[in-house]
Amino acid sequence: MAISVFRHSFAHLRTLKSFSATPLTKSHFSISVSKMEGIEVTEKEEVKVNVTKKVFVAGATGNTGKRIVEQLLAKGFAVRAGVLDLEKAKTNLSKDSNMQIVRADVTEGPDKLVEAIGDAEVVICATGFRRSWDLFAPWKVDNFGTVNLVEACRKIGVNRFILISSILVNGAAMGQILNPAYIILNVLGLTLIAKLQAEQYIRKSGINYTIIRPGGLRNDPPTGNIVMEPEDTLYEGSISRDQVGEVAVEALLHPESYYKVVEIVSRVEAPKRAFEDLFGAIKQG
């Protein structure tokens, strides 16, 4: 009976309207010259700049992490895919000359993660605890694991960190303490509280962060446009994992995403907006 309820709760959260949680050496990007230091030009003038970027993705074989890896490669980034199971990763991840698969267990401490991150310039954390009867699993992965990643970044000077978190992490402060999703996810090991404390650690670390809080995660393709709101705003809605991956990758391309916490869902009726505008409308935290 308990197992049936447990499974039903997670199945419900995936479709819930109220919410659901859980070397390429050169790539070419077009940027406005007016943003370059010491140069004044008209807004229409652009320059092609060679940018070398290698990104470490923790949780690369997860449902969201895999999509992030695919979209990074499609955008021309080099990727170090951090995984728990190397053999599983070889079958689950597409083969690409710009991707290295490395073992990375975020619970093992920052020193081993330093080796896994290697020469990456950016870290994206898309980890999530595996459902089990271990009530400490959310803390081991979503709290301590994230903290270990941050500390590894500080040890080797990586100054860009993107975290995939969840809406409702601060549900108590939002008056959502009786929201069914908030109750269920915190009953299962205080998951949202673990995530919130990890977020707070990142924000105090001095590292340039973007914290992305998606609504209920769907495996199906996008059916609407992205809605982006400031922290502690959204308490319902869902979004395709493909769009979560897109937001994570676009955060690397737009300085408007720096030092911000954003909450995202998708809505059919929402207008399509440029990422500069979506990120730009959110104040820095």
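Helices α4 and α5 are roughly perpendicular to each other, because their crossing angle of roughly 65° falls in the 65 to 115 degree class. This is a predicted model.

**Helix pairs**

- The axes of α4 and α5 (residues 137–156) come within 8 Å.
- The crossing of α4 past α5 is right-handed.
- On the α4 side, the meeting residues are Pro110, Asp111, Leu113, Val114 and Ile117.
- On the α5 side, they are Asn148, Leu149, Glu151, Ala152, Cys153, Lys155 and Ile156.
- Helix α6 (residues 180–187) packs against helix α7 (residues 191–204) at about 85°, with the axes 6 Å apart.
- α6 and α7 are therefore also described as roughly perpendicular to each other.
- Tyr182, Leu185 and Asn186 of α6 meet Thr191, Leu192 and Ile193 of α7.

- Strands of a sheet pair through backbone hydrogen bonds, either parallel or antiparallel.
- β3 (residues 54–58) and β4 (residues 78–83) run parallel and are joined by five bridges.
- Within that pairing, Val57 has Ala81 of β4 as its bridge partner.

**Helices across the sheet**

**Strand β7**

- β7 is mostly covered, with five of its five residues buried.
- Arg160, Ile162 and Ile164 point one way from the strand.
- Phe161 and Leu163 point the other way.
- In a regular strand the side chains alternate between the two faces of the sheet.
- Three bridges join β7 to β6, and the two strands run parallel.
- Val123 has Phe161 as its bridge partner in β7.
- β7 and β8 also run parallel, joined by five bridges.
- Opposite Ile164 stands Ile212 in β8.

**Aromatic pairs**

- The structure holds three aromatic pairs.
- Trp139 and Phe144 form a tilted pair, with 6.4 Å centre to centre and 50° between the planes.
- Trp139 counts as buried because its relative accessibility of 17% is under the 20% cut-off.
- Phe144 is partly exposed, with a relative accessible area of 48%.
- Tyr209 and Tyr259 form an edge-to-face pair, with 5.7 Å centre to centre and 85° between the planes.
- That pair links distant parts of the chain, 50 residues apart.
- Tyr209 sits in strand β8 (residues 208–214), and Tyr259 in the loop between α8 (241–253) and β12 (260–267).
- Tyr209 is buried, with a relative accessible area of 3%.

Definitions and conventions
Residues numbered from 1 in each chain as written. Predicted model: local features only at pLDDT ≥ 70, side-chain atom pairs only at ≥ 80, totals over all residues. Heavy atoms only, no water. Pairing = 2+ DSSP bridges. Helix = DSSP H or I, 4+ residues; strand = E, 2+ residues; numbered from the N terminus. Phe/Tyr/Trp six-rings, centres within 6.5 Å; stacked < 30°, edge-to-face > 60°. Buried < 20%, exposed > 50% of the residue type's maximum accessible area, 1.4 Å probe, protein only. Axes fitted to C-alpha atoms, helices over the stretch in contact; angles between N-to-C directions. Parallel < 35°, antiparallel > 145°, perpendicular 65-115°, else oblique. Left-handed = near helix turned anticlockwise from the far one by under 90°. Contact = heavy atoms within 4.5 Å.
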